[in-house]
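Please keep the structure open beside them as you read.

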Amino acid sequence: MPKITLPDGAVLSFDEPITVADVAASIGPRLAKATLGARVNGELRDAGATIAQDATVELVTARDKAGRSSADALYLIRHSCAHVMAEAIQRLFPGVQLVYGPPVDNGFYYDLAVPPERPLAAGDFSAIEQEMAAIIAADRPFTRYELPGAAGLTKLAQEGSKYKIDNAERAIAGGSQTLSWYATGAPGSGFEDLCQGPHVPSTGRIGAFKVMSIAASYWHGDAASDSLTRVYGTAWADKEQLDAHLRQLEEAKLRDHRVLGKQLHLFVLDDLVGPGLVLWPPHGAILRRELEEFIRAELTKQGYQQVYTPHIGKLDLYRTSGHFPYYQDSQYPPMILHEQLQALATEGASCAELANRLHSGAVEGYLLKPMNCPHHIRIYASQQRSYRDLPVRLAEFGTVYRWEQSGEINGMVRVRGFTQDDAHLFCREDQAAAEMRGCLKLVRHIFDTLGMADFRVRVGLRNPDSSKYVGVPEDWDRAEAVCREGAASLGRPFTEEPGEAAFYGPKIDFIVRDVIGREWQLGTIQVDYNLPERFDLGYIGADNQWHRPVMIHRAPFGAFERFVGVLIEHFSGSFPTWLAPEQVRVMPISEKTTEYGARVLERLAAMGARAQVDDSNNRIQAKVRAAAEARVPYMLVVGPRDEEAETVSVRARGIRSDLGAIPLAAFLGSLAEEIRTRGAVTVLGHHFPGAGAEA
RNA sequence: GCCGGCGUAGCUCAGUCGGUAGAGCAGGGCUUUCGUAAAGCUCAGGUCGCGGGUUCGAGUCCCAUCGCCGGCUCCA
């Protein structure tokens, strides 16, 4: 008869099979009331689940003593809330069919097949929420029942939902003997849904919820399949948690790089220029230039050679590399030569015919470059290479253009024209691992300098079932081994993801999240045996034989556009002094010290600092506020007292008070040091060691 | 590309039932000369994304188009 082991090691013995709820009740009535479910032998189960054998049981309650909710508690609440929302929507919109409704980060969604004559819209949310509130108030139990696979399928066939039949068939194919349903209330009396569970004991246990947004999805994620309506919601143990979550979303919105970028004039996206084409106004250009100079210094240290290449190249170049055929849909259309276009017109050739001839090479044209590697490869090939010359490391801040789908374009982080901090390393095979380490060192240096610790590492491998990859398996195996070893050498967790490789080789990617939680790939390092083959690259070895080099593609920032976008959010627009577009603002108290202010500005300019003077006739309060809103790291207030003593009164970003006056020369010296060391030494640390930035 | 939503002053937004387009901030001018997160007064600023349609009359209703937002799909 079951012996139950609790997390604290205590063992409870029972005479007969019991439920999770019984276990809770045997400990205490309050715990019984608070129990939503349990981990039984590590598996998340309903409170009503039966335990017949010895087991470890970890009860899941809505909240711990500190009022926090475990991931399991939130999972149960959200999964259950998805059912409640589906029931509410089906009550209000009878033709709606259920597809799939899982919990996700911060909430849940339900995919629905909605009749086209009455689409759901955000305007329906309040009605849906009211209906949900009524279902929750009724506090009906979630009741699980199971049917054998065949009987279950018959039941679903009668109900006629092809989506649920498909879900069931896939569950059976996945090895399930039975199918389970969850009824809200008594089975047969109302809403029920084919579902694995688990759920909270009853609808009343869903503490607080909100319907958030509506979006489209595809059935099975397949664009050729049915288009579904996905309704997103969030659910929490109580209203305080929900409110905290909503507040956090509001704050994230203010940190969004698109909002800050406009406010701080960091970049411009102009309708007339085109979607996804970034204009860099002066302040944004400063950010980019500082990053360029930062990395350029590292390139020199690591033995790179800088090159320049044009923005376009002949189609034949990209036929050879494979980019033109592989990625035709995501390139700007080719530029076709006048004579050829005229000849085609005279002939009355169709678009399809034109595409054919472009593909075959019968019609030549030029392409806006989608990648820098082919150009760099031709530089490598432009002279004879000996094994003594390798590695050859060619670097370029190379601008590329890709026709991203219109729905993908997003601020600075997904654009159609962008500049990579690109380089291609051509090396002997025995050098590849060392070159990989050099690249990783560079990536790490960048992330360390900028204080970006919150990134994940992904090793992108080929998917053996896919035909999208070029080259032979042996080369892939070796390249993948180099990537794995490189990632392992970082000393932090990484994931291996088949199917994430480039078509020509595996890669290591560095991925960060934006303020809304979306992931973006920044830096990337790719090992490539294939392009050297396609371009027939070689070098003369010590044995006087012709050998094939290995290529490493790498871009530690990825692209300046995306990196700056992510950086804006990372710093909430408050950039460290070396990056800040405006580093110092001089603020005379009144016109009496305008002239001294101008002198201070001159000194700042002479040392190369980016500074401005606010000589408006505003009061100092307004000047402080304006400078704070512009996220200027240092404000120098100068009044008659300062002029007399040749001092400046310092106020630093993030500190809501005057730090006091220091000699102008002393400030200039430490500011220069702060900029030179990229923040390793700071003005604050030097002159005001006690002052800490407030949140 | 797909589904849904949204485009009004430089920015953030209001605009009722279809009846002469509004606010705050920012900007210009004047007054104030001030010691650390908004001084006061005043002026200017608009083809309501663009194009059609319905109507006596359209910011408002309809169609189309461009752009943006959310998600899906894609991402060399």
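1. Asparagine 530 sits in helix 17, residues 530–534. Helices here are DSSP runs of H or I with at least four residues, strands are E runs of at least two, and both are numbered from the N terminus. With a relative accessibility of 6%, asparagine 530 is buried, where buried means under 20% relative accessible area, exposed over 50%, and partly exposed in between (1.4 Å probe, protein chains only). Setting aside residues up to four places away in sequence, asparagine 530 touches Val470, Gly471, Val472, Trp476, Tyr504 and Gly505; contact means heavy atoms within 4.5 Å.

2. A word on the ground rules: this is a predicted model, in which local features need pLDDT of at least 70 and side-chain atom pairs count only at pLDDT 80 or more, while totals for chains, interfaces and linings use all residues. Residues are numbered from 1 along each chain as its sequence is written, chains are lettered from A and ligands numbered from 1 in the order in which they are written, and side-chain values use heavy atoms, leaving out hydrogens and water.

3. Now step back to the whole of chain A, which has 23 helices and 35 strands. Its C-alpha trace spans about 85 × 80 × 55 Å along the principal axes. Of its 695 residues, 49% count as buried. Among contacts in chain A with a separation of 6 or more, 69% are between residues 24 or more positions apart.

4. Look next at arginine 462, in the loop between strand 24 (455–461) and helix 16 (473–489). Its relative accessibility is 19%, so arginine 462 counts as buried. The side chain of arginine 462 makes polar contacts with the side chains of aspartate 477, at 3.1 Å, and glutamate 480, at 3.0 Å. (A polar contact is a pair of N or O atoms within 3.5 Å; within protein, one must be able to donate a hydrogen and the other to accept it, and residues adjacent in sequence count only if both atoms are side-chain atoms.) Beyond four places in sequence, the residues in contact with arginine 462 include Tyr469, Trp476 and Pro498.

5. Valine 632 is in another loop, between helix 20 and strand 33 (634–638). Valine 632 has a relative accessible area of 1%, so it is buried. The C-alpha atoms of valine 632 and glutamine 583 are 5.7 Å apart, although 49 residues separate the two along the chain. Apart from residues up to four places away in sequence, valine 632 touches several residues, among them Glu582, Gln583 and Arg653.

6. Finally, zoom in on some atoms by the RNA. A polar side-chain atom of tyrosine 218 lies 2.4 Å from a base nitrogen of RNA strand B. For tyrosine 232, a side-chain N or O atom lies 3.2 Å from a sugar or linking oxygen of RNA strand B.
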